[in-house]
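The sequence and the structure are shown first, and the description follows.

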Amino acid sequence: MRKINVAVIGGGPAGLTTAAEIARRGVQVEVFEEHPRIGEPKHCAGLVSIEGFRRLAIQPSREFVQNTISGGVLYSPKGISIEVESFRPRAYVIDRPAFDRYLATKAEKLGVKINFSSRVEALIREEECTSVQTSKERVYADLAVNAGGVAATLTPRIRISSGRDMRLTGVNTEIEGCSVEEDKVEVWFGGDLAPGLFAWVIPLSVDRVRCGLGCNGGNPVEKLEKFILKRFGYRKPLQIWGGTILLGGPVRKTYGEGLILVGDAAGQTKPTTGGGVILGGLCAIEAGRVAVEAVEAGDSSEKFLARYQSAWREKYGGDFSKMIAVRKFANNLTDDQLDQIFRIMKDENMEDELRGVTEEGDMDLQGKVITSVLTNPAFLRILIKVSGQTLYSRLRRILNL
Ligand SMILES: Cc1cc2nc3c(=O)[nH]c(=O)nc-3n(C[C@H](O)[C@H](O)[C@H](O)COP(=O)(O)OP(=O)(O)OC[C@H]3O[C@@H](n4cnc5c(N)ncnc54)[C@H](O)[C@@H]3O)c2cc1C
């Protein structure tokens with residue numbers, strides 16, 4: 001019988017960050033990853049904030065950083081564009097498989113053992129420990145961390161209170177030979193183009209982009225092909241990859257008897273965009289810290305592990321709530337209303353105003369920038385005009401403004 005302190009299920013960013021945090025504090029930890037290689041198959045678009053890397057103490061490296069982004073252009077359903085520029089670089093475009101491999105190497109250097117091709121088939125709580133049944137062996141741990149991503153089949157299914165439109169399908173591809181601004185992402189809205197989210201164009205260089213979309217209906221691949229044709233006049237993309245994008249916010253309970261949930265498995269992604277590398281990573285730091293405390297206290301009971309949820313909620317709960325409110329508000333906007341918002345902002349030269357609000361805004365912890373927009377008289381007027389007093393008041397009530 002093999003006995004370890006902490007078993008982490010899943011070698012994605014959340015699992016590897018949790019494991020590194022645990023090993024850094026001198027506690028024995030093993031990661032169980034079902035695939036033979038870290039980072040594959042890929043599903044992500046790879047846009048992450050520079051500030052997020054700083055928070056996670058990740059040194060950017062050419063090993064995985066492909067480009068740097070300073071701003072973006074937003075397109076309404078009718079194609080009205082608004083530029084959001086920043087005076088400083090704001091985001092990195094990363095090669096996700098290479099990034100995950102970097103995290104794995106970092107974790108291994110700290111003493112984490114990674115078990116490859118080890119699919120965890122069951123997690124069973126037995127008296128004081130949690131047994132992990134993989135395809136190869138049974139391992140006993142003081143506690144387990146489920147960082148298995150969106151599928152999270154080993155624990156009660158993710159409950160997303162707001163319905164199906166909060167769980168979308170996302171697809172990506174890369175195309176070459178186009179012409180784009182090297183440091184600006186493009187975000188395209190439209191109920192036909194990408195219902196429930198948006199389409200993106202992320203430059204890798206002046207003539208190479210990664211583009212994709214998230215949608216809650218229709219055939220995502222056909223929609224992506226249509227978008228590429230419209231945007232680049234381009235033929236069918238060669239390779240398409242993707243997965244499930246979560247917009248519903250964290251699950252109700254992220255801990256249990258001998259168990260912690262982190263990353264996508266816990267729904268810790270941004271409800272506004274679906275991005276989860278940074279927020280999942282930040283929550284993983286809390287997960288790692290609490291796992292170590294549990295091992296040291298010899299207590300991995302549900303009651304003890306509840307402190308993990310209190311910790312991430314105290315730090316990020318307010319931002320999650322505001323982003324969920326904005327997501328619900330956005331889901332209720334029609335294409336016409338979106339066009340109107342863009343049209344008024346364009347006519348009234350509000351790009352500078354927008355830059356003023358977003359310049360200090362945080363790409364990950366968006367609570368502050370959401371409050372700034374909703375308390376800015378100019379934006380407030382537009383939102384009331386377009387969405388109506390009732391919808392707007394509801395949004396402010398949810399946000400406690
Ligand atoms: C199309 C698309 C685009 C995206 N774009 C962005 C973006 O630009 N920026 C951003 O921040 N986020 C983006 N995301 C979200 C981001 O990919 C996720 O939030 C992030 O990968 C979550 O990390 P994780 O470690 O929780 O899960 P994952 O990265 O999914 O890792 C989970 C790991 O667990 C393993 N696993 C699962 N079950 C088991 C098991 N039973 N036993 C053993 N191993 C198991 C899997 O093989 C996988 O390696 C995107 C998502 C999609 C679908």
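P97 is part of helix α3, residues 96-109; helices here are DSSP runs (H or I, at least four residues), numbered from the N terminus. The model is predicted, with local features requiring pLDDT of at least 70 and side-chain atom pairs pLDDT 80 or more, whereas totals for chains, interfaces and linings use all residues. Residues are numbered from 1 along each chain, and side-chain values use heavy atoms, without hydrogens and water.

P97 is buried because its relative accessibility is 9%, the cut-off being under 20% relative accessible area with a 1.4 Å probe and protein chains only. Leaving aside residues up to four places away in sequence, P97 touches I38, G39, E40 and K42, where contact means heavy atoms within 4.5 Å. Between the C-alpha atoms of P97 and R396, 299 residues apart along the chain, the separation is 40 Å.

The ligand is surrounded by 35 residues, and the closest are E33, H35, L47, V120 and D264; a residue counts if one of its heavy atoms lies within 4 Å. The table lists polar contacts, pairs of N or O atoms within 3.5 Å.

| Protein atom | Ligand atom | Distance |
|---|---|---|
| L47, backbone N or O | nitrogen | 2.9 Å |
| R119, polar side-chain atom | nitrogen | 3.5 Å |
| G276, backbone N or O | nitrogen | 3.1 Å |

Elsewhere, the axes of helix α1 (residues 13-24) and helix α5 (residues 277-297) come within 8 Å and cross at roughly 40°, the axes being lines fitted to C-alpha atoms over the stretch in contact, with angles from 0 to 180 degrees between N-to-C directions.

Note on methods
Helices (H or I, at least four residues) and strands (E, at least two) are DSSP runs, numbered from the N terminus. Buried means under 20% relative accessible area, exposed over 50%, partly exposed in between (1.4 Å probe, protein chains only). A polar contact is a pair of N or O atoms within 3.5 Å; within protein, one must be able to donate a hydrogen and the other to accept it, and residues adjacent in sequence count only if both atoms are side-chain atoms.
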